[in-house]
Amino acid sequence: MHVLMVIGGGVVLLGLFILFGWLWGASAAGMAMGAKAFVPVWLLIAAVNMWVGVTHAGYSVREESPILLLVFAVPAIAAGIALWQLSRA
């Protein structure tokens, strides 16, 4: 359940980055810039989530690594799809 909540939070954060890209640039290019800026920020947040799982929840790095990949990949793929759609506009 926690994994789904973190992934959902990532998708919401992506939406906020795209919204702020629109507010900043008022074009598809600004929204694409927001999607690009989201990916490194999300990687940092996913890594912090992994760190919390290892240090506080008692999981090993080996157990948390697939979770890190899943938590990072789903919103990052959504950002890539959004970037692809925005670059076509």
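User: Is V74 buried, exposed or partly exposed?
Analyst: V74 counts as partly exposed, because its relative accessible area is 36%. The cut-offs: buried is under 20% relative accessible area, exposed is over 50%, and partly exposed is in between, with a 1.4 Å probe and protein chains only.

User: And where does V74 lie?
Analyst: V74 is in helix 3. Helices here are DSSP runs of H or I with at least four residues, strands are runs of E with at least two, and numbering starts at the N terminus.

User: What separates the C-alpha atoms of V74 and I7?
Analyst: The distance is 6.9 Å, although V74 and I7 are 67 residues apart along the chain.

User: Before we go on, what kind of model is this?
Analyst: It's a predicted model: local features need pLDDT of at least 70, side-chain atom pairs count only at pLDDT 80 or more, and totals for chains, interfaces and linings use all residues. Residues are numbered from 1 along each chain as its sequence is written, and side-chain values use heavy atoms, with hydrogens and water left out.

User: OK, big picture. How many helices and strands?
Analyst: Three helices and zero strands. From the N terminus on, the order is α-α-α. The C-alpha atoms fill a box of roughly 45 × 20 × 20 Å along the principal axes.

User: How much of the protein is buried?
Analyst: Buried residues are 27% of the 89 in the protein. The accessible surface is about 5700 Å², and 78% of that belongs to carbon and sulfur atoms. Those areas come from the Shrake-Rupley method with a 1.4 Å probe, and for residues only the protein chains shown count as cover.

User: What about contacts between residues at least 24 apart in sequence?
Analyst: They make up 63% of the contacts between residues at least 6 apart. A contact is heavy atoms within 4.5 Å.

User: Now the helices. How do helix 2 and helix 3 cross?
Analyst: The axes of helix 2 (residues 28-55) and helix 3 (residues 61-88) come within 9 Å and cross at roughly 175 degrees. Those axes are lines fitted to C-alpha atoms, for helices over the stretch in contact, and angles run from 0 to 180 degrees between N-to-C directions. Helix 2 and helix 3 are therefore roughly antiparallel. For the wording, under 35 degrees is roughly parallel, over 145 roughly antiparallel, 65 to 115 roughly perpendicular, and the rest oblique.

User: Which residues by class are in the contact of helix 2 with helix 3?
Analyst: There are 21 nonpolar, three polar and two charged residues. Nonpolar is Ala, Val, Leu, Ile, Met, Phe, Trp, Tyr, Cys and Pro, charged is Asp, Glu, Lys and Arg, and the others, Gly among them, are polar.

User: Let's stay in helix 2. What does N49 touch?
Analyst: Leaving out residues up to four places away in sequence, N49 touches H2, V6, E64 and V71. N49 sits in helix 2 and is buried, at 18% relative accessible area.

User: And G30, buried or exposed?
Analyst: G30 counts as buried, with 9% relative accessibility. This helix 2 residue touches G21, W22 and G25, again not counting residues up to four places away in sequence.

User: What's the story with phi of A26?
Analyst: Phi of A26 is near 55 degrees, a positive value in a residue other than glycine. Most residues other than glycine have a negative phi. A26 is in the loop between helix 1 (2-25) and helix 2, and A26 counts as exposed at 52% relative accessibility.

User: Over to E63. What does its side chain reach?
Analyst: The E63 side chain reaches the backbone nitrogen of S60 at 2.9 Å. That's a polar contact: N or O atoms within 3.5 Å, where within protein one must be able to donate a hydrogen and the other to accept it, and residues adjacent in sequence count only if both atoms are side-chain atoms. E63 is in helix 3 and partly exposed, at 48% relative accessibility.

User: Last one: is R88 buried or exposed?
Analyst: R88 counts as exposed, at 56% relative accessibility. R88 is in helix 3 too, and its C-alpha atom is 9.1 Å from that of A28, 60 residues apart along the chain.
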